[in-house]
Amino acid sequence: MSRPEHVVGLAVGRGTGAEVAAVFERVLERFAQLYATEIAVVRSPRIYHSYVSLKQGGGIDEVRGLTRQDADHYERFVRARAAAGGRVIFRTAINAQTLYLVRQRLQAVKVDTLDAGGARMLLVRDQAQGFYTGENEHTPGYVRRVTEFSREITDKVLHHALGRARRQWPDEGPARIVMAYKFHLLDGALDAWAEEFAERHGVDVQVVQPDTVNRNLIAHGPADRTVLVAGNEWADIMHVVLLDRFGSGRQEEHCTRNVHLHADVHGLVEYQTVHGSADDLAGRDLVNPVATVRAAAAVAERHAGCDGAVAAAERALAHLGEAGIRTPDLGGRHSTTAVVDALLDALEGPGPAVPGTRTAAEAVAEPVAGS
C-alpha cells in the first residue's frame, strides 16, 4: 500500500475538542478532494484534559499527576511526529499548565502577523521561558513556582524573530525589535542579553516595560516593520487585544501557530485556534467553527500542496456571512454542523484571492520551522 502524499498530526483535548477535531478533518478532507491529493491524519491516541475536566477528577495531587501525564504524552507525540518527518500538527485546546510544560521543553514561540492601517507588525510570543513555565512546589497553604530565564533561550527567540521578520519583509527587513518583558525583575540580565544580540546582529533591539508598550500602542499605534517579542505574561493577555484592535478579527474566529525551536523537533509547526476548550458548549453542536476552518485551510495550503486554499476558505466564509449562516455567538441560529455543511457546499478550488488574505506566494514564504 502506498504512503499518503501528505500527513497531518492531530491532538484532541476535552471540552469541545472532539467537535473541533471533526470540523478540522471534514474541511481538510474536502480540500483533499478539491485538489485531488491525499492527506492522512495521524491522531494522538490520548484525549488530553482541559482545566475543567482536571478539576472534576479530584484534588491537587491528582490534578498534578494528570497534568504531568498529559504533558509527557503530548511531548512524546510531538517528538514522534517530528522523527517520522511530520511537518504539522493541529491541536485543539488543552489545559494551559500541560501546554506550557511542553512548550518549555520544546522551546516554543507563537507567531502572528498584524497590520495597523499599513503599519506592519510581527508578534513573537516567548513561550519557552518565564513565569508561565516552570514547576510548582506545594507545602501546606503555599504554592511555590520556580521559573527561569536564560541567555540561550532568549538568543534563540530573538534569532527566530529576526529571521522570520527578514522573510516577512525581504526587501526592507525589520526596522526594530521591541522586547516587552517585565525586565526590571531580572537584575539587568535581560538588558545585557538584548544588547549583546543587537551588537552581534546589527539590529535595533529595545527592551521596554509592558505598560510602556501599551501606552505607546494606544497613543501612537505600532511603527511600521516592528517585531514585538513579548514575554507570555504580557502577550497572553494582549494577543487578543492586538488582534481586535488591528483588524485581525475576534479570537473565536482566529487561528495561530506555534513553532518549536528545539533541534529535536525542528521543522514541525503546531496550529491551534485562539479560543479555548469551551467546556460549557461541549456536546451541544454550538462551537464557532470559523477559526478551525481557517486552520484547516492554512494547513492544506502550507503543508499539503493545496495552493489557494486560504483564499478559497475566505470566499466560502464570506458567502456564509452574506447568507446569514452563523452560530449563536455571532447572532445566528445555526449549529456547528449546519455551518460546516454549508461551508463545504460553498467551498471551491483555486480562484482569485479575497482582499485581505495572503497570496499563495506569501503563504509559501511563511516559515514552517524554527530558524
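Analyst: Strands S5 and S10 (residues 226-231) run parallel and are joined by six bridges; two strands are taken to pair if DSSP finds at least two bridges between them. Helices (H or I, at least four residues) and strands (E, at least two) are DSSP runs, numbered from the N terminus. Within this pair, Leu122 faces Val227 of S10.

The model is predicted, so local features are reported only at pLDDT of at least 70 and side-chain atom pairs only at pLDDT 80 or more, while totals for chains, interfaces and linings use all residues. Residues are numbered from 1 along each chain as its sequence is written, and side-chain values use heavy atoms, with hydrogens and water left out.

The two strands belong to an open sheet of 10 strands with mixed pairing, in the order S2-S1-S3-S12-S11-S4-S5-S10-S8-S9. Strand S2 (39-48) and strand S9 (205-208) form the edges; each has a single partner strand, so one side of each lacks a neighbour in the sheet. From one strand to the next, the twist averages 25 degrees; axes are lines fitted to C-alpha atoms, for helices over the stretch in contact, and angles run from 0 to 180 degrees between N-to-C directions. Helix H6 (residues 189-201) packs on this sheet, where it touches strand S8 (176-180) and S9, and its direction makes about 165 degrees with that of S9. Contact here means heavy atoms within 4.5 Å.

Met121 lies in S5, which spans residues 119-126. Its relative accessibility is 3%, and therefore Met121 counts as buried; the term applies under 20% relative accessible area, with exposed over 50% and partly exposed in between (1.4 Å probe, protein chains only). Leaving aside residues up to four places away in sequence, Met121 touches Asp112, Thr113, Leu114, Trp169, Pro222, Thr226, Leu228, Leu242 and Phe246. Met121 and Gln168 are separated by 47 residues in sequence, yet their C-alpha atoms are 9.9 Å apart.

Leu162 sits in helix H5 (residues 151-168) and is also buried, at 2% relative accessibility. Beyond residues up to four places away in sequence, Leu162 touches Pro174, Ile177, Phe197, His201 and Val203. Leu162 and Val229 are 67 residues apart in sequence, with a C-alpha to C-alpha distance of 9.8 Å.

The nonpolar interior can be described next. A nonpolar core is a set of buried Ala, Val, Leu, Ile, Met, Phe, Trp, Tyr and Cys residues joined through side-chain atoms within 4.5 Å. The largest such core has 43 residues, of which Phe24, Val27, Phe31 and Leu343 touch the most other members. Several elements each supply at least two residues of this core, among them strand S1 (6-13), helix H1 (17-34) and strand S12 (269-273). A second, separate core of 28 residues includes Val109, Ala161, Ile177 and Met179.

Gln107, in the loop between helix H4 (96-106) and strand S4 (108-116), has a positive phi near 60 degrees although it is a residue other than glycine; Gln107 is buried, with a relative accessible area of 12%. Asp285, in the loop between S12 and H9, likewise has a positive phi near 60 degrees, but Asp285 counts as partly exposed at 25% relative accessibility.
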